[in-house]
Amino acid sequence: MSSELWIEKCGIGWGQAKINIVVDLYAFACGCYLFSSIFTAATVDFHCEPLTSSFYRNKCLKNCSSYAYSQEMSTIFSEYDLACGRDHVYYSFLQNIFFVGYIVGGIIAPFVQNRCGRKGPIYLSAFLFNIVTVVTLFTEDIYGFELGHFLSGVAFSVFNNSGTLLTVEFVDKSYRTFFAIMYWMAFGTSGIFTTIVAYIFRHSWRLQLFVFYPILNVLVIAAYFYIPESPRWLLSKKRFRDAATVFQKLAFDNNIEISDDCLDQIEKEFSNEEISSMFSFWKTLRELFHSRQAITSTLISTYLWGIGNGLYFALILDREALSGNIYINYILIALVDLSSFFYIFLVKKFSRKRICESLLLVAALMLLITPLVGEIDYVSNVLAVVAKMCSAVFANAFYALQPETLPVRIRASGMAYFEIVSRIIVVLFISIIHLNTVSINIPILIYGSSAFVGLLLLHFGIPNLDFRQLPDTTEHVLNGSKLNVQKYS
């Protein structure tokens with residue numbers, strides 16, 4: 001018997017809705033911290049004093065002892081005097097520091113999840129975000145800000161893995177895509193909110209961060225009362241009584257009646273199941289690479305995860321790829337994230353593989369065409385936004401289907417593996433941005449070529465992306481769509 005059938009038996013309704021609302025709102029708060037650095041660490045115009053001519057704007061001069069900065073917006077770039085010199089080197093790798101933290105968080109997350117459940121990382125991430133707020137608000141140099149940015153990456157990673165699993169493990173395959181996409185749309189909405197806050201408090205980057213502080217902590221309190229532990233994780237730990245309580249509460253919220261002896265049924269069905277042993281992170285790696293077929297599938301999935309996330313973040317953070325007002329540009333980019341909602345309707349008419357292939361194709365074409373438009377700013381902006389839209393929808397879609405390939409005992413560690421490797425690729429993609437000092441077209445061409453390679457790997461290397469149940473065991477993974485889906489009478 002599968003835990004998926006117990007989820008189906010509890011129905012769908014307010015029970016899952018309230019859980020996902022709180023998870024999505026918490027994701028919204030985490031997203032605010034993620035996107036805030038776009039504005040708090042933005043580069044502003046500068047010139048060597050007293051040379052005010054536009055010829056000297058944004059140029060480092062050998063004998064200059066003092067630089068003046070534009071007062072249009074408050075950022076650490078101007079406050080910490082980061083225009084030139086040694087500290088500018090640290091500033092140029094600021095975004096990489098965040099994703100280094102993300103990688104560290106990805107290593108920590110599965111250990112916390114396997115031992116403390118899916119809710120544990122929410123409290124850990126909240127604790128870290130509180131430290132981030134204090135460190136960042138009161139630091140007086142770039143080093144303290146980078147420490148806060150690193151911890152922010154750790155906190156975001158710890159929550160994100162758990163938030164995804166909480167989203168998909170409370171619903172069956174019929175609604176999994178909907179709730180997963182709504183989870184990711186919360187990040188898009190946070191981008192819009194962050195941009196508005198950054199504009200309102202543009203003369204104080206510290207106030208921008210302080211606005212997010214109470215929102216995050218209120219939602220942590222809400223998570224304590226409204227989010228139960230994942231019943232799939234409880235079953236994996238043989239905590240049958242707790243799992244039965246969650247199922248009963250879920251069914252009650254959905255106005256569904258289930259038998260009072262559900263605890264006896266659960267103990268009978270799951271006491272000897274394979275899911276009783278959770279895999280460590282390193283044992284999970286052996287499971288993912290245990291055969292030639294598994295190696296091929298894992299490597300291709302890893303690359304596709306990396307491409308989706310790499311394009312998503314690189315197109316956000318590559319400021320040279322967009323021109324014009326920074327607030328308008330990032331409002332448009334954040335709105336693009338909301339386009340993921342249309343994926344819910346597309347999967348009803350087309351196969352998931354066909355949709356993902358089409359998204360990668362359009363993204364690759366938009367990026368490879370960009371160098372041909374030359375200095376036409378509005379055209380390059382449109383192409384960048386379309387590429388961002390396709391990469392965002394692709395990343396969300398692929399993220400939603402990945403849990404279907406992992407049994408519960410390795411799901412947390414397996415998702416952490418894909419998170420870690422994809423973030424390493426993100427760091428590489430962001431580092432490629434620095435090549436725009438040689439030519440602004442080099443990063444765009446590399447991104448476009450990478451998307452095209454991903455398209456080929458997806459088309460020839462992954463045969464099927466059809467909807468499946470969340471597997472409990474390795475046998476369920478191998479059987480795929482052949483898994484018995486007989487419902488309770």
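The model is predicted, so local features need pLDDT of at least 70 and side-chain atom pairs count only at pLDDT 80 or more, while totals for chains, interfaces and linings use all residues. Residues are numbered from 1 along each chain as its sequence is written, and side-chain values use heavy atoms, with hydrogens and water left out.

I begin with the whole chain. The protein has 21 helices and two strands; these are DSSP runs numbered from the N terminus, with helices being H or I of at least four residues and strands E of at least two. Of its 489 residues, 58% count as buried. Buried here means under 20% relative accessible area, exposed means over 50%, and partly exposed lies in between, with a 1.4 Å probe and protein chains only. The exposed surface comes to about 20,800 Å², of which carbon and sulfur atoms supply 63%; accessible areas come from the Shrake-Rupley method with a 1.4 Å probe, and for residues only the protein chains shown count as cover. Among contacts (heavy atoms within 4.5 Å) between residues at least 6 apart in sequence, 80% join residues at least 24 apart.

I turn now to helix 2. This helix covers residues 14–40, and its 27 residues should span 39 Å at 1.5 Å a residue; the end C-alpha atoms are 38 Å apart, which agrees. The expected span is 1.5 Å times one less than the number of residues. Helix 2 bends by about 25° at L34, where the bend is the angle between axes fitted to the seven residues ending there and the seven starting there. Of its 27 residues, 23 are buried.

The largest nonpolar core has 139 residues, and Y26, I76, F247 and Y447 touch the most other members. Helix 2 gives the most to this core, with 14 residues. Such a core is a set of buried Ala, Val, Leu, Ile, Met, Phe, Trp, Tyr and Cys residues joined through side-chain atoms within 4.5 Å. In soluble globular proteins, nonpolar side chains tend to be buried together.

Next, the aromatic rings. The structure holds 28 aromatic pairs. Rings of Phe, Tyr and Trp (its six-membered ring) pair if their centres lie within 6.5 Å; planes under 30 degrees apart count as stacked, over 60 as edge-to-face and the rest as tilted. F39 and Y327 are stacked, because their ring centres are 5.6 Å apart and their planes lie at 5°. Since F39 is in helix 2 and Y327 in helix 15 (residues 326–337), this pair ties together parts 288 residues apart in sequence. F39 is buried at 2% relative accessibility, and Y327 is buried at 11%.

Finally, two residues. F28 lies in helix 2 and is buried, at 15% relative accessibility. Leaving aside neighbours within four places in sequence, F28 contacts A186, T189, S190 and F193. F28 and I215 are 187 residues apart in sequence, yet 9.5 Å apart in space, C-alpha to C-alpha.

Is K388 buried or exposed? K388, in helix 18 (residues 377–401), is buried, with a relative accessible area of 1%. Beyond neighbours within four places in sequence, K388 is in contact with Y312, L315, I316, I333, V336 and D337.
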